[in-house]
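Q: Could you take a close look at one part of this model for me? I would like a connected account of a strand and its partner, with a few other spots for context.

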Amino acid sequence: MPEERLPDGVIARPRLVELLDSGVAGPVTLVSAPAGWGKTTLLGSWYRTRERAGGHAWVSVEPGDSGGRLWSYLRAALAPLVPLPAPDTRPAGPETRPERALLDRLAAVLARRPEPAVLVLDDLHRITEPDALDALAYLLRHSGGRLRLVIGARGEPALGLARRRLSGELTELRAAELAFTEEEAAELLAGQGLALPAARVRELCARTEGWPAGLRLAALAARHHPDPARLVEEFTGDHPAVADYLTEEVLAGLDGEAREALWRAGLVESVSGELLGALSDRTDGESLLSVLERNTGFLVALGTRPPAYRCHRMLGELLRAQLRQRPAAELRELHRRAAGWYAGHALPAPALRHALAAGDWALAGTVLTAGWPELLPYAEPARADAPVAPTAPPPPEAVRAAPELALACAAERLDRYDLSGATAYLRLVAEGERRVDGARRQRLALVATALRLAGARLAGDGAAVRATAARLRALGEPVGAPAPGPGGWSETPGAAAGLPAPARGGAEAAPPGAGGPEVAVLPGAPGAAEAPGLPDAVGARVVARALLGAALLDEGDLTGAEAELALGLAEAEPAGLARATLACAARLALVRAARGRLGSAEETARVALAAVSRTDPEPRDRAYAYLALATVALHRDRNAEARAHLELATGRYGAAREAPVEAALAALVRAQLLRDQGDLAGGHQLLLAARRGLAGCGRAAELAGWLLAAEADLRTAHGDTDGARELLGPALEEAVPPTEPLAVALSRAHLRAGDPHAAARVLPDWQGPRAGDWPLPVRLEAGLLDAVTAQRAGDGRRAARTLERVLELAEPEGFRRFLTRAEPSARDLLAAHLDSGTAHWPTLSQLVEASGERAGPAGGASPLLGEPLTERELTILRYLQSILSNVEIASELSLSVNTVKTHVRNIYRKLDATRRREAVRRARELRLL
């Protein structure tokens, strides 16, 4: 039985409690993870809340316990639940397996129980005798379904669980489920007296991947750190506290061969059995990785076929730190093997990284020239620390002999988001360009311009991206096209991107031919073998369109982004450019989803995700595809699916930081999900933050209008129609087109306020010639409101015709939400239309049934927060949960006491509270904590 008092700082985790509750409906629940993932804490807290109901027993296996001792514990624990005659409950002695007769009697008594008996076995991995485990499996099989095992273990015990997994009789909670969410992490840290800004909590959660022990170690380290927020940047896998824990609790438990395999797996971004074989000459790589994934919890399956894995971020950092202590020659050989394997499998980006780390300059040059379009970063990396840095830069003489090598180094630096490093190498390319001529010089100019374009994109310099993209397309044009300037360089784009333009040199050779020369090793470049590849003209067009489309999306120009991305995808996919396909398809899917082209968005997102398995294990771009799928699912009224995709888009394996446009589109989805849960205040906070984030995006007026309209709709849903109209009236007068979303939201507010004439008056013409260019969700909402206002005006025929036209537009794309979550008057109109006859009877009947079940937000919705809390106030609010005084909070945050008191007074005012406990309670009601 767990001890009376749980460890300090334990927080409630309802989602895991629900999993355990549902698990004991079946025969076996396995909570399996290595030390530090909170198995015992979770099981203990769950057990204490359930034991009072009866029918529960607990056994903790201690180090050194034998199988015989286990059965002594089991008989004692089960005695209150399944009493046996005294002679049969005597100790089993040293035997590891009780007599069959005892097992049969115990099983028979269990089978006669009216309710199942729940037996929690914690740390069962300490029992290794096969006879003892066989007896436990026998008892489970013969107890008539009245024994439920809840097992905590570091690995999978030998209880025949594979068969139960196949039959659906096994519930499993592994490291992925035990990992803390951002909200849980913030609560845990606050309970330890450590309140960090939300961005720092998010970063720490990403660094630890929600590892409970890692979060606790971070909290302990922060207590003695002069700047706890800065500690997050320093808290890596080779931090002394983390390194000691992982070494003692994870690595020390492995045999020498498994530990060596894990070290080699840590060298690469992701590892398959075949790649592990290339690195270690093993033939059992796939089975070994599967065992390590199950038994360590620090090897994460990527869900690919064939199976591939990556190291947990903190373990990977530790393994790489330990690898750097190996002899340099051994490390270079490992990198050389990795580079050869990646090159042989058409994965140029990791091949280039490892070739440079190995010092194999010839291979690096070959990879660069054979596949340069696939070496460009189309987004900042999700994990900038994942690739292994080169052990040493190429010697100057090698770069002078082959400027292509400098291009390779610049590409690798950009892929690590190192703009200054890329700049330095591009200067060397400029110097080398003067020493070559002809086609080789033209190729240098083209690839260097592509790298400058990628640098401008990462630097967020939209003007430089547009100019450099035009230059790149010109360099890839066939003979006879307008030639670029001397040397093919543009001074302005390079300077604006922070990547200095190289010195000019008169390019005497003509541009590539109509098809462009095949991408092969350049004349005189390292590695003289021919490597047929992609025509330069295709590569230049794809790269220019992919990067320009990404930049336009970042600026909020959805129309311009869609045009470029569609053209880029049309050429990237048939050309086999996986990275460019992913970049174009993922963003294009998001734009199409936002505009309501749901079918096309879903198909394009699937194209993007199919390209993931051929590129990096966790490409940053995939967040756009998952966000597109979340948007599609939301419009189709599949909230659980929308939440799952949204978590994949913005969770711990997503972006290091979201771009403002991406964050705004995510906020639109999340705010609607919160609204359905009755959390209007939470949605309001999200939309306000997203609007603030768009302030620097010069072309985001359309998206800002969507956010404002969504904010007004939340006020209307809460019954604050005056607030919604006050918000929208001035905005409509001042806003630049398009204003249709604002007008639709204002019409809805008028209708909810009981003024259908005003609603009809402001409603835009959703069937006019220009309406075809509107986002389809806006057009459908306008059509539904038009039908409702017609019905209110007594024109039932026009209402029916209008609603039929709305259904005609909505049905092909699968739109449901705008109808099933509509206002009561709209739902009544749907029911009446179903009775009067429709060409969309099957769809409409389903919608009417669903709308009756989903009548909008809960009646007990929390009120909106009139004035949002600032980030500093939110930080101090988290401290208010703790026992720290204002003086101690000021010390923790390096603020004056008066400053803290001012913030506290503002918090009380905004939360309508008069003391600390009331403010915390109110904040929890508003989902601010």
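A: Happy to! Let's begin with the strand pairing: β2 and strand β3 (residues 117–122) run parallel and are joined by five bridges. Please keep in mind that this is a predicted model. Within that pairing, Ser60 sits opposite Asp122 of β3. As for how covered the strand is, β2 spans residues 56–60, and four of its five residues are buried.

Asp637 is not a glycine, yet its phi is positive, at about 65°. You will find Asp637 in the loop between α30 (622–635) and α31 (639–650). Its relative accessibility is 5%, so Asp637 counts as buried, given that buried means under 20%.

Asp912 also has a positive phi without being a glycine, with a value near 55°. The loop that holds Asp912 lies between α45 (897–911) and α46 (916–925). Asp912 has a relative accessible area of 65% and is therefore exposed, the cut-off for exposed being over 50%.

A last stop is in a helix: Ala430 belongs to α22 (residues 419–433). Ala430 counts as buried because its relative accessibility is 3%, and buried means under 20%. From Ala430 to Leu444 there are 14 residues in sequence, while their C-alpha atoms are 8.8 Å apart in space.

How values were computed: Residues are numbered from 1 along each chain as its sequence is written. This is a predicted model: local features need pLDDT of at least 70, side-chain atom pairs count only at pLDDT 80 or more; totals for chains, interfaces and linings use all residues. Side-chain values use heavy atoms; hydrogens and water are left out. Buried means under 20% relative accessible area, exposed over 50%, partly exposed in between (1.4 Å probe, protein chains only). Helices (H or I, at least four residues) and strands (E, at least two) are DSSP runs, numbered from the N terminus. Two strands pair if DSSP finds at least two bridges between them.
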